[in-house]
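Please read the following explanation alongside the sequence and coordinates. It takes up a group of aromatic side chains and then the packing of helices.

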Amino acid sequence: MDSNTLWTVIIALLPGILVALISYGLIDKFLKSDTMRREIEVRKINNSQIIPQRLAAYERMALFLERIKPTGLTRRVSPQSTAKNYEAILIQTVQGEWEHNLSQQIYVNPDSWKLIYSAKNATQNFIRQCAADLGEDATANELQEYIITKSISENAPSNDALLKLQVDIQGNL
């Protein structure tokens with residue numbers, strides 16, 4: 001093959017090569033744009049479904065934290081027989097509330113969830129400590145009064161977790 005024939009072939013193929021490259025570039029750009037558009041649509045659908053569930057989870061956890069505050073808890077659960085028995089009922093009530101709301105952790109910020117868990121444990125420990133302070137001979141009514149009195153003078157363990165939930169809702173959702 002001589003050089004004139006080679007140049008003639010190159011010149012003949014050049015428009016086809018250019019059309020192929022331009023077509024490839026346009027198709028690639030279109031496919032990336034279409035993929036991005038679909039991802040945005042999926043995010044919109046997810047957000048329209050997940051955000052209400054997250055808000056509901058935060059509401060439930062706020063309610064949980066309010067329900068385990070020692071003052072509210074002791075007013076809601078009637079004192080029965082001995083302080084030891086009442087202590088067990090209060091701790092069991094907190095644990096039952098916790099187990100009822102355990103599934104909400106998939107929607108709640110992990111740092112907030114740790115605070116909620118700590119608040120639950122601190123509340124149970126607060127109840128145990130109050131019962132220990134009164135001793136074995138105390139009645140359930142005495143324990144109830146002592147818990148209310150002591151919790152009024154101290155910051156409820158759930159207050160910090162409630163504040164964190166509020167910050168999460170206002171800042172991240």
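**Aromatic cluster and helix packing**

Phe64, Trp98, Trp113 and Tyr117 make up one aromatic cluster. The model is a predicted one.

The number of aromatic pairs comes to 3. In one of them, the ring centres of Trp98 and Trp113 are 5.0 Å apart and the ring planes stand at 35 degrees. Planes under 30 degrees apart would count as stacked and planes over 60 as edge-to-face, so the pair Trp98 and Trp113 is tilted. Trp98 and Trp113 are both buried.

Trp98 also pairs with Tyr117: here the ring centres are 5.5 Å apart and the planes are at 50 degrees, so this pair is tilted. Because Trp98 lies in helix 3 and Tyr117 in helix 4, the pair ties together parts that are 19 residues apart in sequence. The burial of the two partners can be read from their relative accessible areas. Trp98 has a value of 5% and is buried, whereas Tyr117 has a value of 40% and is partly exposed. The cut-offs behind these words are under 20% for buried and over 50% for exposed.

Helix 4 also packs against helix 5. The angle between helix 4 and helix 5 is about 120 degrees, and their axes are 10 Å apart. Angles of 65 to 115 degrees count as roughly perpendicular and those over 145 as roughly antiparallel; helix 4 and helix 5 are therefore oblique to each other. The crossing in which helix 4 passes helix 5 is right-handed. On the side of helix 4, the contact is made by Phe126, Ile127, Gln129, Cys130, Ala131, Asp133 and Leu134. Helix 5 contributes Glu142, Leu143, Tyr146, Ile147, Lys150 and Ser151 to the contact.

What is the span of helix 5, residues 140-153? With 14 residues at 1.5 Å a residue, helix 5 should span 20 Å, and its end C-alpha atoms are 20 Å apart, so the two values agree. The buried residues of helix 5 are Ala140, Leu143, Gln144, Ile147, Ile148, Lys150 and Ser151. An α-helix has 3.6 residues a turn, so residues three or four places apart point the same way. The cover over the buried residues of helix 5 includes helix 2 (70-76), helix 3 (83-101) and helix 4 (110-134).

Note on methods: Residues are numbered from 1 along each chain as its sequence is written. This is a predicted model: local features need pLDDT of at least 70, side-chain atom pairs count only at pLDDT 80 or more; totals for chains, interfaces and linings use all residues. Side-chain values use heavy atoms; hydrogens and water are left out. Helices (H or I, at least four residues) and strands (E, at least two) are DSSP runs, numbered from the N terminus. The expected span of a helix is 1.5 Å times one less than its number of residues. Buried means under 20% relative accessible area, exposed over 50%, partly exposed in between (1.4 Å probe, protein chains only). Contact means heavy atoms within 4.5 Å. Rings of Phe, Tyr and Trp (its six-membered ring) pair if their centres lie within 6.5 Å; planes under 30 degrees apart count as stacked, over 60 as edge-to-face and the rest as tilted. Axes are lines fitted to C-alpha atoms, for helices over the stretch in contact, and angles run from 0 to 180 degrees between N-to-C directions. Angles under 35 degrees count as roughly parallel, over 145 as roughly antiparallel, 65 to 115 as roughly perpendicular and the rest as oblique. A crossing is left-handed if the near helix is turned anticlockwise from the far one by less than a right angle, and right-handed if clockwise.
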